[in-house]
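Dear colleague,

Please find the structure below for your records. My notes on it follow directly after.

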Amino acid sequence: SGFFRLDLGYFIKNNWAIGVVGRYGRSRTDIDFLSVEGVPTIYQNATERYSLYLSSKNFIPLNAGSRFVLFANSMLGGNWRNQLTETISNGVLQRSFSQRRQMELAFQPGIAFNVIKGLNIELATELISIGGHWSQSYLNGTPTSSSSKFSGSFRFNVLQTNFGVYYY
């Protein structure tokens, strides 16, 4: 399992930067167990996630030395997830595959602390998100379900808080 995130940006003005955010994540699970009926069962799951966003980040200094800075990050982009699950029980293989695609516009306010010149610690949370997602699932190669949804949300979710160390 692993996760990688890369934020790159360029300052247009002293308090405004534009950039790109890319993420890649991958996880794998392998479990051997006995089912409720006592049948030996093998469960395997592999998931890959990709995302790419364009960002615009505005900074507002809270004091003259710019030690603490509020910022507003707007991100436009999308993410993709592919998930494969296999279960073998009594010699029968069941393979399910799902794909999920999402496009969104997100607003992430936050606060930054300037440790030394150019090195900031940032804490942000996603507050507003507008977008849509599309998903498709298959079982043993046969389509089982599909969905599409457009939604908007306003939330303060501590579990979606991002923490990062940035060098400007």
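F11, F59 and F71 are linked into a cluster by ring pairs. Please note that the model is predicted.

Leaving aside neighbours within four places in sequence, F59 is in contact with F11, N15, W16, A17, V69, L70, F71, E122 and Y168.

F71 also takes part in a charge–ring arrangement: K57 lies over its face, at 4.7 Å from the ring centre. The charged end of K57 sits over the ring of Y166 as well, 4.6 Å from the centre of that ring.

As for aromatic pairs, the count comes to five. One of them is formed by Y24 and Y50, a tilted pair with 5.3 Å centre to centre and 50 degrees between the planes. Because Y24 lies in strand β2 (residues 16–34) and Y50 in strand β3 (residues 40–61), this pair ties together parts that are 26 residues apart in sequence. Y24 counts as partly exposed, at 29% relative accessibility, and Y50 likewise counts as partly exposed, at 35%.

Finally, I draw your attention to R101, in strand β5 (residues 92–116). With a relative accessibility of 27%, R101 counts as partly exposed. R101 is 20 residues from R81 in sequence, and their C-alpha atoms are 6.6 Å apart in space. Not counting residues up to four places away, R101 touches N79, W80, R81, N82, G132, H133 and W134. With one of these, N82, there is a side-chain to side-chain polar contact at 3.3 Å.

Yours sincerely

Note on methods:
Residues are numbered from 1 along each chain as its sequence is written. This is a predicted model: local features need pLDDT of at least 70, side-chain atom pairs count only at pLDDT 80 or more; totals for chains, interfaces and linings use all residues. Side-chain values use heavy atoms; hydrogens and water are left out. Contact means heavy atoms within 4.5 Å. Helices (H or I, at least four residues) and strands (E, at least two) are DSSP runs, numbered from the N terminus. Buried means under 20% relative accessible area, exposed over 50%, partly exposed in between (1.4 Å probe, protein chains only). A polar contact is a pair of N or O atoms within 3.5 Å; within protein, one must be able to donate a hydrogen and the other to accept it, and residues adjacent in sequence count only if both atoms are side-chain atoms. Rings of Phe, Tyr and Trp (its six-membered ring) pair if their centres lie within 6.5 Å; planes under 30 degrees apart count as stacked, over 60 as edge-to-face and the rest as tilted. A charge sits over a ring if NZ of Lys or CZ of Arg is within 6 Å of the ring centre and within 35 degrees of the ring normal.
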